[in-house]
Amino acid sequence: MALLEVTDLQTHFFTREGVVRAVDGISFSVERGRTLGIVGESGCGKSVTALSIMGLIPKPPARIVGGSVVFDGQDLTKLPEKRLEDLRGREIAMIFQDPMTSLNPTLTIGTQITETIRRHYDVSKQAARKKAIELMEEVRIPRAAESLDDYPHRFSGGMRQRVMIAIALSCDPKLLIADEPTTALDVTVQASVLDLLDDLRHEHDMAMIIITHDMGVVAEAADEILVMYAGQAVEQAPVLELFDHPEHPYTEALLGALPQIEGEGIREGRLTAIPGRPPDLINPPAACRFAPRCPYANDNDTCATEMPDLREIRPGHLVRSTHPASEREGARRGAGVPA
Amino acid sequence: MTKFIVRRVVWTIPVVLLVILLTFGLMRQIKGNPFRTSERAIPAEIQKNLDRKFGLDKPWYIQYYRYVKGVATADLGPSLVLRNRDVNDIVRDHFPKSLELGGLAFLFALLFGIPLGAMSALKANSIFDYGAMFFSNVGYAIPSFLVATLFIYFFALQWDLGFPTSGWNTWQSKVLPVIALGLGPGAAFARLVRGTMLETLQQDYIRTAKAKGLRWRRVVGLHVLRNSLIPVVTAAGPTLGFLITGSFIIEQIFAIPGIGRYYVTAVTARDYSVVMGLTVLLSVIVIFANLVVDILYGILDPRTRDARA
Amino acid sequence: MVVDPAQSKTQQVGAGRVAAAQGPGVGGGSAGAPIRQSNLWKDAWRRYVRNKAAVLAGSVFVLVLLFCLIWPIVSPYDPNAVKFELKNASPSLSHPFGTDNFGRDMLTRTAVGGRVSIGIGFAATLAILLIGVAYGSISGFVGGKLDNGMMRLLDTLYGLPYLPFAIIVLAIFGQANFWTMVVALAIASWFTSARIVRGQVISLKENDYVRAARAVGARWFRVLGRHLLPNTLGVLIIAIFLELPGVILGEAFLSFIGLGISPPNASWGQMANEGRSVYRVAPHIMAVPSIAIATLILCANFIADGLRDALDPRTRET
């Protein structure tokens, strides 16, 4: 059984302007020791998905209105808050996008690491401190022992992110969710942080979900990729398969927007930008949400009126489109699979 | 850390000196004669003698110097109007009461306002929140003399609950004036704490703390409070100063023998030394309160320790 | 040193942001439609009127102002006419606020007193802001050693206790009339606004869009007028309603201890003081002006809160 099984998750935000359907029926699973990459543009619901798994969505405006999140056999959406608190940091850990603001400026990083350890394990202060130093060394922070008593503002962005990773690993979680871990970092630092994550994942045999809008990052780090658009999954496939044979027009456009410096199949000419904007999630259209921006959609197609289903176009490769790439050359089959 | 504290303390000395100079200069601008006891002018001979006796005939910088020396040795000089009384005597007799009133009011404001504000923030937009904030807004707006008179009206005249409305001896006599004086600042603290806590609760690092699985008690008690109290500490210093120096009204209404009464009459009577003495004393307290605030701020927010030039 | 949330807010204000929606994923209309840029002030107004308490407070405030301005003109009573036979009368139809211990109509006196108190309040607030803006913007804009020196001086001035300071300044003037009051209160209270303005100017000076303006060669007064001031304007408007209560209260305090404006043009504070002696017999004489002061302060607070929320698109409370 998979470590994490998300089925038809729906998270909505109840605001004064209306109900924002931020995550509208997404399903995926993550096996032990494997990495899932979730990609999509800003606002597509990837962060909300991650926060929903952890139960960290802001409860007044937001609520999980449907679906299930089964982790290690338990449905997290049905658990009381206290039980979730026990799981967080211990079984599932999360690191966030902006390391500058994600650490408490008035506490030493030593405190911020040891408090996690002592929350989940009954150990003495000295033991926790020792473990903290080990963790700092593991994430390759120089002068670990002295830095323990320093405050976050003395560290650079890359260092702070390593501290966040150290905190996340402190209790040996089974799953690590990394929400845009490198977006706020310089490119050179990005590479080292990604390498670090990769090494640690193998050493600790940890599953990982890495969320990003950067296809380059996910190509490096993930085993399988889920492409999200406007709150839904539009394509899902193992990483090489996705890059070699993308099916959904959106995925193709994303890959087409990648600058390539060298390699075979290099594209000459301009980068392709995707015209238009994502739909308003308060009243999303009943039709395919990508249709207005899709280069292959016409008004006569079913995708103009009906939402295409997520179907398996090849073993292990799912796509939600009436015009997947492999069906475009040659005879068009018209309507998609009926609901 | 100690370097930080020492630096702050050392800086207060020139500030005190400057304050004395300013007050001194200001006082000298007030036209009038402290020795005049009736409408008639004082004969020139006597005026000269009096001036010499109190050193008022020396040039201003000599007077200033002698005064500073006096302050350093805690000798505030004799009163110019009330013969046979030194400023020190007046201070000793009456100042502790004002200090106690201001101090107790401050404590009341803290103990009442901070928890109220914190609970309001944690239960934001609930009935408790609306009620508490309504109460705070009203409490903040009502001038203390109105509160004081209302208290007297209800607690002394209408319902006889055993809380005296004059004097400052038993603990019961202290209750009403302390609350009357401290209610406004307490309400201000409540509003402030609520605001800062709400802002802190939105911060990313609180989300991180929750993601670590920390218990909510700890998240609030340590992570949220520590960051939220920083602006409160900043506001607390001037508040303490204000409470001690602004208790004149309450003293008048509740007939408390503090220095408030003396201050006003001394200014009107042009009793330079009393006014100087009291003003300097009050200033020292305000400066000291600000110093404590600065140091507390440094303890609470480690970033300022390094940033301070 | 002072943590001033207003500093960071107005940076956003100046960039002319579209009012932010709550929650993610809300794009600006259907695919392809451009984002609608709205005017900053119109936006702020719209947000302000959504706040019911602020609207109520604003209306009451304006009503009180109108009352104080108009009533003395139309009132049948002379606020200073002494009629001992009517003294200490409780509120009635002919005298809705009763009469004071000299038989004068309280309603009219309250209106006249309001003119004095509110007049002093606004005048002193304006003076405070002028001094504060001058001091703060010079200090902040020039920076360097001058800034350091000016701030040290300010730190010292902070050490002077408010009430005693005002008392001394009043004593220097010798007499207490409208203008000496204004000056005394202003001199004792301008420090905070100078600090705030300086903080604003410094943070805006280093702001990226100011740098961008300078980078294309804008002259300093253009930078000041076009970029810095409009942003600071929001903070200043809020500052007016924040300083006003303090000044009104200060004037009331000074009057209450007997240092107020000489009669017969009494302010609210003085009316309250006069009412003190007959408190047990005729509580309304002291209560009416005190409640008037409290009402005005309450309104100013709510207006200030409303303005703060209206001008900063980011303060949203979950």
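A: Happy to. Contact here means that heavy atoms lie within 4.5 Å of each other. Please keep in mind that this is a predicted model.

With that cut-off, 55 residues of chain B are in contact with 43 residues of chain C. Putting chain C and chain B together buries an area of about 4300 Å², and carbon and sulfur atoms give 73% of that area.

What about charged pairs across the interface? The rule finds one salt bridge between chain C and chain B. That salt bridge joins the side chains of C:Asp305 and B:Arg191, with an N to O distance of 3.8 Å.

The elements giving two or more residues to the side that touches chain B are α5 (144-158), α6 (162-173), α10 (220-256), α11 (268-276) and α12 (284-311) of chain C. Of these, α12(C) provides the largest share, 10 residues. Sorted by class, the side of chain C that touches chain B has 32 nonpolar residues, along with five polar and six charged ones.

For the strands, let us turn to chain A. There, four strands form an open antiparallel sheet in the order β2-β1-β4-β5. At its edges stand β2 (18-30) and β5 (74-75) of chain A; each has a single partner strand, so one side of each is left without a neighbour in the sheet. The partner of β2(A) in this order is β1(A), and β1 (residues 4-15) pairs with β2(A) in the antiparallel sense over nine bridges. One place to look is A:Val6, whose bridge partner in β2(A) is A:Phe28. A helix also belongs in this picture: α1 (residues 46-54) of chain A lies across β1, β2 and β4 (62-71) of chain A, running at about 110° to β1(A).

Further along chain A there is another antiparallel pair, with β11 (residues 311-314) and β12 (residues 317-319) joined over three bridges. Within this pair, A:Glu312 stands opposite A:Leu318 of β12(A). β11(A) and β12(A) form a hairpin with two residues between them, and A:Gly316 in the turn has a positive phi of about 80°.

Methods: Residues numbered from 1 in each chain as written. Chains lettered and ligands numbered in written order. Predicted model: local features only at pLDDT ≥ 70, side-chain atom pairs only at ≥ 80, totals over all residues. Heavy atoms only, no water. Buried area = accessible area lost by both parts, 1.4 Å probe. Salt bridge = Lys/Arg side-chain N within 4 Å of Asp/Glu carboxyl O. Nonpolar A, V, L, I, M, F, W, Y, C, P; charged D, E, K, R; others polar. Pairing = 2+ DSSP bridges. Axes fitted to C-alpha atoms, helices over the stretch in contact; angles between N-to-C directions.
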